[in-house]
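The following note is meant for a colleague who is meeting this structure for the first time. Please read the points in order, with the model at hand.

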Amino acid sequence: MSAQATDITPARSTRAGALRRKLPGSVAWHVGSLLILAVILYPVIWVIGASFKRSEDIIGSLDLFPTDPITENYTSLSDGIADISITTFFTNSLFLAVGSVIGILLSCSLTAYAFARIRFAGRNLLFTLMIGTLLLPYHVLLIPQYVLFRNLDMINTYTPLLLGKYLATEAFFVFLMVQFMRNLPKELDEAARLDGCGHLRIYWSIVLPLCRPALITSAIFTFINSWNDFMGPLIYLNEPDRYTVSLGLKMFVDQEGVANYGGMIAMTLIALLPVLAFFLAFQRYLIDGMATSGLKG
Amino acid sequence: MGTPVTHAPAMEGLSKDSEPRHGPVKPVRPAALKRRRRQENLAGYLFMSPWIAGFLLLTAGPMIASLYFAFTDYNLFDSPQWIGFDNFSEMFGDPRWRHSVQVTMWYVAVGTPLKLLAALGVALLLAQNRRGQAFYRAAFYAPSLIGASVSIAIVWRAIFSDDAIVDRTQQFFGIEVGGWTGDPELIIYSLVALTVWQFGAPMVIFLAGLKQVPRELYEAAEVDGAGKLRRFWNITLPMISPVLFFNVLLETIHSFQIFSSAYIVGGGAGGNACGPADGSMVYTCYLYVQGFENSRMGLASAMAWMLLVAVALVTAVLFWSQKHWVHYEEGA
């Protein structure tokens, strides 16, 4: 995507002249970009430095990194919070995130296939409904869903947090996959059809493999969303041994000032690491996925 | 992603491939055609069945239930009691509710335009093809992924508190207002700063839109003697208006629903769930307090429906305004 040049001021004439005209602009460009970069990175670098500071120095001191770094904040985490080990929170979050990814990939791709490759009665109406749910504020569903799962005795289980992922309720990913599948050549289906393949075969053996970029984008976004989710776990989970990382952090916040501030900052950073790692590994997929969704939206 | 990005009108539905699939190659017997169509319908609904189940069970059903709860007194333990419009009159008469509406409106009205301005500004900067462009684009996008997390909310609470970096910077310029998170008036601006910090997602969409603008247009305008500002106003802005519309719509709807950041930056649970003197009491925070801390499920449902109405109104106004400022290219 970054191949085309969009430089608005095409510099022609002699090279020296072009250079003279371009240089100040170039310097300004880099200075501007670096300034923005500093603002963007400051909170992340701050938290790295702070996690090696003494609790009482974290807020007051302006130094990004402490002169005598300590590791007690990290070692203090091995005691856990309120008798729950930190690894419990991470295991719970990981379970939910992986469970969500599997659900989203299966259910959303099935739905997207129907929208993109099968001509059935009522398709346009259902598509409009699906787009409508994209704009629906989640909070309208919050209370009735809670009542529903409470009546089904599912509070404190992961079902309320996962069920929707297996029933394609995340319209954004359906939409992303529909856009992708619509661009695959129709001739593929027709050829497969002549060979006697049904929709299930075409979906599984032809369309899904070709959709890999869209699937990867959806998988990473789902993982990150699930990892960051706060309101869902806050409402549905109330026993600390079921808590996710977000809720573990909230336990820290609730007792802030009383106890281990440095430990909280250390855990804050550890909680960010999986998301940052995914970002570093897959940033192309994330950014391109984001860009495509907007343009075709 | 490997697909070519095309400039298609927003929300165009599925009309693109609605023309007959096989064309008039050879006549098909009506009976076979009918059978084929029945098979396609069956296959379609089978593939759609998870979504349909989810839609009925987790979206449509709950919406109806929520509308019913809005007119009842319901505390989860006793069955709902029909009370007509009492929840709504209580809501409108509640100064705390009105305060939460005010806080949210302020947050949306200040935060969203600032965020989009930052996104567009930086996108214009990055659209110049210079070294390091891809790196900056990626780095600026990162906050959008972590910005909604509890972690970043904790960091925000720290760097905007008394004596931390923001406060010290203010002191340097002679402004003595203290940290923002402890101040009922200022805490909302720390949330505005948090949303502006996440300008990367709309920026990426703007950038993709900017790359679609044909270069010939700029060259032609330059020949005609149009200056930079003229070119931006008369070419860039109309050409990216569909993308601008998409960003405005999505970011506005999103802003109305801010919760976790406000909840954590405001200090978490307990007596003052949403900031000092309810300073960061955004709408969904109050909804959470009423529903899940006070067990007023009926009242909270009424509040949720008011939010839905507000979001629907804003969406409708935006879609209506489209015809005045959004330019879709014919047949692009």
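How far apart do the C-alpha centres of domain 1 of chain B and domain 2 of chain B lie?

1. The two centres, those of domain 1 and domain 2 of chain B, lie 33 Å apart. Domain 1 covers 29-86 and domain 2 covers 94-325 of chain B; such bounds come from an automatic or database domain assignment. The contact between them takes 10 residues from domain 1 of chain B and 8 residues from domain 2 of chain B, where two residues are in contact if their C-beta atoms, placed from the backbone, lie within 7 Å.

2. On conventions, this is a predicted model, in which local features need pLDDT of at least 70 and side-chain atom pairs count only at pLDDT 80 or more, while totals for chains, interfaces and linings use all residues. Residues are numbered from 1 along each chain as its sequence is written, and chains are lettered from A and ligands numbered from 1 in the order in which they are written.

3. On the side of domain 1 of chain B that touches domain 2 of chain B, the elements giving two or more residues are helix H1 (30-69) and strand S1 (72-73) of chain B. Helices (H or I, at least four residues) and strands (E, at least two) are DSSP runs, numbered from the N terminus. The largest share of that side, 3 residues, comes from H1(B). By class, the side has 6 nonpolar, 3 polar and 1 charged residues; Ala, Val, Leu, Ile, Met, Phe, Trp, Tyr, Cys and Pro count as nonpolar, Asp, Glu, Lys and Arg as charged, and the others, Gly among them, as polar.

4. Chain B contains 14 helices and 2 strands. Of its 332 residues, 42% count as buried, that is, with 20 or more other C-beta atoms (placed from the backbone) within 10 Å of their own; 12 or fewer count as exposed, and those in between as partly exposed.

5. Helix H8 (residues 200-212) and helix H11 (residues 241-256) of chain B pack at an angle of about 165°, with their axes 9 Å apart. Axes are lines fitted to C-alpha atoms, for helices over the stretch in contact, and angles run from 0 to 180 degrees between N-to-C directions. The angle makes H8(B) roughly antiparallel to H11(B); this term applies over 145 degrees, with under 35 roughly parallel, 65 to 115 roughly perpendicular and the rest oblique. The contact involves B:Pro202, B:Ile205, B:Phe206 and B:Gly209 of H8(B) and B:Val243, B:Phe246, B:Asn247 and B:Glu251 of H11(B).

6. Between the chains, the contact takes 89 residues from chain A and 97 residues from chain B. Helix H13 (residues 261-296) of chain A gives the largest share of the chain A side, 16 residues. That side divides into 55 nonpolar, 26 polar and 8 charged residues.

7. In chain A, helix H12 (residues 245-254) is mostly covered, with 9 of its 10 residues buried. Among them are A:Leu247, A:Lys250 and A:Phe252.
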